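Colleague: I would like to go through this model with you, contact by contact. Shall we start once it is on the screen?

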Amino acid sequence: MWGIDGPEVTDADKVVSLASLQGATVNHYVPKSEEKRFAEEYAKRGFANDRWDQFMGRRDCLEICSDYLVDFNLPKQYRLHRIGPETPTHILDGLEETATACGVLPPMTPVLFGQVRDAVYFCLEAADGSVAACAGACLRNHPRSRFGKTSWWGMLATRHEDRGQSLSLYLGALAVRHMYDNFGVEEFYTGVRSDNDVSRHICQKLGVRDSVYACLAVLDPDAFGEDGYTK
């Protein structure tokens with residue numbers, strides 16, 4: 001979906017127009033000091049709101065992820081896949097199943113494949129051919145915008161039976177390093193629920209920490225009812 005990051009309050013009509021067309025839209029880089037004002041403007045226009053804390057990582061995140069990858073040994077029962085057009089269908093199906101079971105919303109295929117934006121997505125195939133864990137990152141903003149070299153990062157998900165082996169940390173670190181090594185990205189961001197202690201812990205261990213920003217979703221009630229769309 002299309003959205004407006006770092007919006008001004010005067011953009012409210014544009015934002016709700018996007019939500020009307022698509023069913024939902026999103027604003028990243030909303031200062032928490034102004035978050036309530038934005039939410040009120042959208043509510044006045046009849047739209048529901050959802051929100052996450054915007055976690056961010058910079059140079060220290062790169063250093064932490066680099067050190068983590070040096071020390072991590074992937075258990076032998078897993079096979080690493082970088083998602084692309086050649087990825088087998090059963091892996092793509094497994095990625096969707098694992099992600100959605102963890103409350104994570106996978107991007108559409110052209111984004112997963114890096115065909116419409118510079119991006120990378122990794123997953124781990126378990127011995128039975130299913131997907132144990134996944135993570136990715138994407139330069140989702142317009143390349144000539146002030147956020148053109150910042151990367152959305154996340155989609156961290158691990159199946160219940162594969163947890164406790166630091167698989168999300170490993171894949172998350174891989175995604176960070178790939179975006180830096182291949183596209184020069186030095187700033188990463190993601191949205192995390194205030195009550196999602198597991199995700200907050202994983203992000204913080206990789207140097208992606210809470211910031212002064214929030215991520216706001218703007219939802220058409222006719223499309224989403226009273227629910228948000230991810231954990």
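**Contacts, salt bridges and cores**

Modeller: Setting aside neighbours within four places in sequence, Asn141 is in contact with Asp5, Arg117, Phe147, Thr150 and Tyr189. Bear in mind that this is a predicted model.

Colleague: Where does Asn141 lie, and is Asn141 buried or exposed?

Modeller: Asn141 sits in the loop between E5 and E6. Its relative accessible area is 9%. Buried means under 20%, so Asn141 is buried.

Colleague: With which side chain does Asn141 make a polar contact of 2.7 Å?

Modeller: Two polar contacts of the Asn141 side chain can be named. One, of 2.9 Å, joins it to the side chain of Tyr189. The other, at 2.7 Å, is with the side chain of Asp5.

Colleague: Asp5 also forms a salt bridge; how far apart are the closest N and O atoms, and how many residues apart in sequence are the parts it ties together?

Modeller: The partner of Asp5 is Arg140, with the closest N and O atoms 2.6 Å apart. Asp5 is in the segment before helix H1 (12-22) and Arg140 is in the loop between strand E5 (131-138) and strand E6 (150-158), so the pair ties together parts that are 135 residues apart in sequence.

Colleague: Which residue of that pair is buried, and which is partly exposed?

Modeller: Arg140 has a relative accessible area of 25%, which makes it partly exposed. For Asp5 the value is 11%, so the buried residue is Asp5.

Colleague: How many salt bridges does a search of the whole structure find?

Modeller: The pair of Asp5 and Arg140 is a salt bridge, and so is the pair of Lys44 and Glu41, at 3.4 Å from N to O. Over the whole structure, the search finds 18.

Colleague: In which helix do Lys44 and Glu41 lie, and how exposed or buried is each?

Modeller: Lys44 is exposed, with a relative accessible area of 64%, whereas Glu41 is buried at 17%. The two are three residues apart, about one turn of the helix. In an α-helix there are 3.6 residues a turn, so residues three or four places apart point the same way. Lys44 and Glu41 both belong to helix H2 (residues 35-44).

Colleague: Which residue forms a salt bridge with Asp53, and which residues are joined with the pair into one network?

Modeller: Asp53 pairs with Arg200, the closest N and O atoms being 2.9 Å apart. Asp53 lies in strand E2 (residues 48-57) and Arg200 in helix H7 (residues 197-205), so parts 147 residues apart in sequence are tied together. Both Asp53 and Arg200 are buried. Through shared partners, salt bridges join into one network Lys32, Glu35, Arg51, Asp53, Arg200 and Asp210.

Colleague: Which element gives the most to the largest nonpolar core?

Modeller: That core has 34 residues, and those with the most contacts inside it include Leu124, Trp153 and Phe188. At least two core residues come from each of helix H3 (59-71), strand E4 (119-125), E5, E6, helix H6 (167-183), strand E7 (187-192) and H7. The element that gives the most, with ten residues, is H6.

Colleague: Is Ala157 buried or exposed, and what is its relative accessibility?

Modeller: Ala157 lies in strand E6. Residues it touches beyond four places in sequence include Thr98 and Ala99. Ala157 counts as buried, because its relative accessibility is 2%.

Terms used
Residues numbered from 1 in each chain as written. Predicted model: local features only at pLDDT ≥ 70, side-chain atom pairs only at ≥ 80, totals over all residues. Heavy atoms only, no water. Salt bridge = Lys/Arg side-chain N within 4 Å of Asp/Glu carboxyl O. Helix = DSSP H or I, 4+ residues; strand = E, 2+ residues; numbered from the N terminus. Buried < 20%, exposed > 50% of the residue type's maximum accessible area, 1.4 Å probe, protein only. Core = buried A, V, L, I, M, F, W, Y, C linked by side-chain atoms within 4.5 Å. Contact = heavy atoms within 4.5 Å. Polar contact = N/O pair within 3.5 Å; in protein donor to acceptor, adjacent residues only side chain to side chain.
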